[in-house]
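Subject: Structure for you, with notes

Hello,

Here is the structure you were waiting for. Please open it first, then read my notes below.

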Amino acid sequence: MKSKKYDMNNLYFPSRLLDKLDGILDYPLTIVEAPMGYGKTTAVKEFLNNSDAIILWLRVYDGSLDSFWNEFARLAGELKDGLYNSLIKLGFPNDAVSAREALGLISSLDLSEKYVLVIDDYHLIDSPEIDEFIEKLTTNEIENFHVVLNTRFSGFQRLEEYKLKGLLHHITKEAFELSAEEIAEYYKTCGVSIQDTQAQQLYSVTEGWISALYLMMLGYIADGNLDPPDNIYTLLEKAVYIPLSENIKEFIISMSIFDDFSLNQAEYICRGINAGEFLREIINRNSFVNYDGRSKTYQIHSLYKKYLREVMEEKSTDYKNELYRKSAEWYRQNRDYTSARQFWYQGGDFENILQSVEEEKAKYFMENNLKILQKYFDDCPPEIRRHHHYALLVLAVHLFVHNKYELFLKVCEEAGRNVEADNSLGGKNRDELLGELEILYSFSVFNDLKKMSTHFDKAWSLLGRSTSIYDVESDWTFGSPSVLYLYYRESGKLREHVEDLKQGLPCYYRLAKGNGSGGEYVMEAEYYYNMGDFINAEISLNKALHKARPAGQWSIELAAMFLKIRIDFMNGDFENMFYLLTKMRKDVTDQVAYQSLRTVELCEMGFYSWLDQKYKIPESLAQPETGSIRLMHPAYAMFNIIYGRVLLINEKYTELLGSAEYFWETAAVYPNLLGIVYTHIFLAAANLKLFRKNEARENLKKALDIAMPDRLYMPFVENCDYIEPLINALSDEGLYIEETQQIFDLYKTYSALKDAIKRKYFPNDTNILSEREMEIAVLAADGLTNNEIAQKLFISPNTVKYSLKSIYSKLSINKRVHLKQYMDKLDNSKNL
C-alpha cells in the first residue's frame, strides 16, 4: 500500500454541484451558503477559473466598512483607470446620495466580457449598510456583472423575494454533501480505493462533509484506519499538525494570528528561518494552507486556523506578547496603523497605540474605527493617557466630526488638565498644545462668531502657525450650501453677524491655511439677496469667488453657485442658471470632490422644489429619518429647510406638521435662526391647507417677527404661493404693512419668472415621449428588467437599454426610481 502513489490534493466536484455553479453566470446575485469546511471557496474558485469570466475576488477578514470598501475599490480600479481613486474619495456609500454615485461609477464600466465579483467569507460582515449596497448592486442589473456571496450562513433579508424575481441564485450545503457513491469516486480520484461498505460507513460518519472526508483519507493513507474520530479537530491534529517538524509547528502557529500574510511578512515575524521552504512543505503535505497568486498572500483554512489559535492559547503570555509586538511593528512599517493597533491592544501596549495615533495624523476615521479607537483610549491606563497630549487632541477632533459633543468636551477638558499639569513640557510645546486646544474650543461655541473669534485670536497668539491637528482641507460649510444659515443666530443682528464673520475669519485663515476663504462674502451676498438687493448680492458674491478660488475652497464656491442660481432666477437668466446647476455636479465628479456630493444634491433638491418639480426629487432623499442623506450635524437644519418645501409640493401637510418638533429641535441646537423662520412658514402653509387658519396665522406672524427686523423677505417670497392669503390678512390687520408690500413686489417678479421657466423648461412631459418610449417607460416603472421588457414587446434588450437612455434624457432624470415617481405622479394627475 505504501508504494502506491496518492494525490491527496486532487479536487473533486460531482456533476450536480457543477450544474448548480453554472447558474452563477445567469443571475445578478448568487449566494453560496454552507458551513465551514464544505469546500465553498474551492468550488467557486475552480468553477470560475474554468469559465470565460473575469474574476474579482474579495476576501473578507472582518466586518469593517473601511476594509470592505478599500478592497472593493481596489478590485474595481483594476477595470478602469481612475476608478479606484474615485471610489476611495467617495467613501463607502452609506446613504442614497453616495449609493447612486457609486452605482453610476460602476455602471460606467464597459463590461464587454462577463465579470464576477466573489465576496468570500461574507458571514464575517455584520453590516446592514453593506447588505444594502449588495442589494443595490443586484437590483441595478449591471450588464455582464455578477456577484457571488460565499457565506456560512445567510442573513440576507430579501432572499425569497429576490429568488422569485429571478435576481438571486441560491446554492445550499446540500449541493456540497457527497453521497456514498460520490465519496468512493472522490477517493478514487485521489488514488485511494475503498469498498462500497466503507463508502457507506464514511457517509454515515461524515454525512458527506468534504473536510472530514479529506482528513479521514489522510489518516487512512497513513495507517489504513477509517474509524470515526472524536471530532474534526482530533482529525486535524492527527493528520495535519502532528506530522510537522517542531520548527514548522512553531512557524505555522505564529502565522495563524493573521487572516492572510505575505512571504515577506512571514520572514519578518519568524526571523532566521527559511519561511518560503516551510510554506512549500506545508502546501505540498495538505490543502489547509493556500497561496493566492493574485494578492501574493497565503491563507490558512478556517478550520485549521481555529485549531492553531487554540494551540497558541496554551503558549506563555511572554511568547504571545512578543508575537503581537512583532506583528504590530510589521504593520506600522507598512503604515497600516489600524492593524498595528489591533496587535498592540492584544499585547496591552497602550504606549505604542497612542504614539501611532500621533504619528498617523488621520484626517478622518470611519465611525466604526472611531468606536475601536475610543475603546483603546478608554482601556488605556491613566498614567499613559496623561502624557500623550497630541493623541487626545486628535481623538477630540474626530469626536466632534462624528457629533459626539459631550465626549468631545470631556476629552478637551482632560487634555487641558494634562497639559497644565505636565511639568516636563517646555514653554513652546505647552503653548502650541494649548493653542491647538483653543481651536478645538472654538468648535464648542460654533456659530457664536464673537466667541469663536476670541478662541481664534488666543490660538494664534499661542501657536503662531497653522494647526496640525485639524484637517485644513475639510469642508468649511459642513456640507451646507448656505453660510447665512450657519451663522444667523439672533433676530435683528444679521448685519452684525456678517461684520463679525468679516472681522473674525482672517485670523482663522491663518490658523487653517486659508480654509473658509470667501465665506464672509458669501454670507454678505446672502444677506443682500434675502433683502431683495440682487445687485449688491452679486457684487459680494464676486468678492467671495475671488477669495475662494485661489485658496481651493470648493465648499465656498458651491455655496456661491447655489446663491448665483437664485440671483440668476430673479434676473431671468435661465440659461446660466441651468448651466450652473449642471456645472456643480460635473465639477464634483471631475475634481473627485465627493465630500461635496451631498451639498450638490441639496442644491438640486432645493432648485426643483421651488419650481414644483416633484418627480425630479428622488423619494429616497426626502426621508431623513432613514439616513437616506447623511450630513454633518451643523447642516441638518439646512436639509429641513429644503425638505419642508418638498413636503409641501407633495401635499404631505400632516407629515409636515408632525415634523415640526424635530425641525425646531434641530434648528435650536446652535441655533440656526433661518431654519426656525422657514419652519414657521411651512407650518403656516400646511395649517392653511388643512383649514386651521388661526394656527396658520400664528405661525406666519412668528416667522415675520423673527425675520422682519433683518428684512429677510425671500423666504416668504419663495413660499408665497402657499401663504399669500395669510400675508394679506396680516397686512389688513395693520401688521408689517411696508414689509409685506416689499414681499408682494418681489413675489410678483418671482411668480412671473417661475411661470416662464416652467413653460420653457418643464412643459407637459406626456407629449415628450414617443408611443414606444411610453410603453417601455410604463413597464420599467412597474419593475420589469430590460430582458423582460424586451420579451414582452418583442424587441432586443439593447433597444430597451437605448430607449431608456432617451427617456431619461427627455425627462431630465437618471434612474428607474425617478421614472417610477414620474409615472406614478402622471397616473395620479390623469385620475384628478
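**Notes on the structure**

Leaving aside neighbours within four places in sequence, Glu-420 is in contact with Arg-430 and Leu-434. Contact here means heavy atoms within 4.5 Å. Glu-420 itself sits in helix H22, residues 405-421. Lys-320 is 100 residues from Glu-420 along the chain, and their C-alpha atoms are 38 Å apart.

A word on the source. This is a predicted model, in which local features need pLDDT of at least 70 and side-chain atom pairs count only at pLDDT 80 or more, while totals for chains, interfaces and linings use all residues. Residues are numbered from 1 along each chain as its sequence is written, and side-chain values use heavy atoms, with hydrogens and water left out.

**The whole chain**

The chain has 43 helices and seven strands. Both are DSSP runs, numbered from the N terminus: helices are H or I with at least four residues, strands are E with at least two. Along the principal axes, the C-alpha atoms fill a box of roughly 110 × 85 × 45 Å.

Of the 832 residues, 56% are buried. Buried means under 20% relative accessible area, exposed means over 50%, and partly exposed lies in between (1.4 Å probe, protein chains only). The chain exposes about 36,500 Å², with carbon and sulfur atoms supplying 48% of that area. Accessible areas come from the Shrake-Rupley method with a 1.4 Å probe; for residues, only the protein chains shown count as cover.

Take the contacts between residues at least 6 apart in sequence. Of these, 70% join residues at least 24 apart.

On charge, there are 94 positive and 121 negative side chains. The centres of the two sets lie 2 Å apart. Lys and Arg count as positive, Asp and Glu as negative; His and the chain ends are not counted. Each charge is placed at NZ of Lys, CZ of Arg, CG of Asp or CD of Glu.

How do H31 and H32 pack, and at what angle? Helix H31 covers residues 597-610 and helix H32 covers residues 636-649. Their axes are 9 Å apart, at an angle of about 35°. Axes are lines fitted to C-alpha atoms, for helices over the stretch in contact, and angles run from 0 to 180 degrees between N-to-C directions. H31 passes H32 in a left-handed crossing. That means the near helix is turned anticlockwise from the far one by less than a right angle; clockwise would be right-handed.

Residues on the H31 side include Leu-602, Met-605 and Trp-610. They belong to a set that meets H32 residues, among them Phe-639, Tyr-643 and Ile-649.

Met-638 is also in H32. Met-638 counts as buried because its relative accessibility is 5%. Its contacts, leaving aside neighbours within four places in sequence, are Ser-480, Pro-481, Ser-482 and Tyr-485. Phe-663 is 25 residues from Met-638 in sequence and 9.8 Å away, C-alpha to C-alpha.

The loop between H31 and H32 holds Asp-612 and Gln-613. Asp-612 is not a glycine, yet has a positive phi of about 60°. At 23% relative accessibility, Asp-612 is partly exposed. Gln-613 is buried, at 7%. Lys-758 is 145 residues from Gln-613 along the chain, with 9.1 Å between their C-alpha atoms.

**The loop between H24 and H25**

Thr-477 lies between helix H24 (449-463) and helix H25 (483-487). It is buried, with a relative accessible area of 0%. Not counting residues up to four places away, Thr-477 touches Val-483, Leu-486, Ser-555 and Ile-556.

Phe-478 is in the loop between H24 and H25. Phe-478 has a positive phi of about 60° and is not a glycine. At 9% relative accessibility, Phe-478 is buried.

**A cis bond**

Which peptide bond is cis, next to Pro-671? The one joining Tyr-670 and Pro-671, with omega about 0°. Pro-671 is in the loop between helix H34 (660-668) and helix H35 (673-689). Most peptide bonds are trans, and most residues other than glycine have a negative phi.

Best wishes
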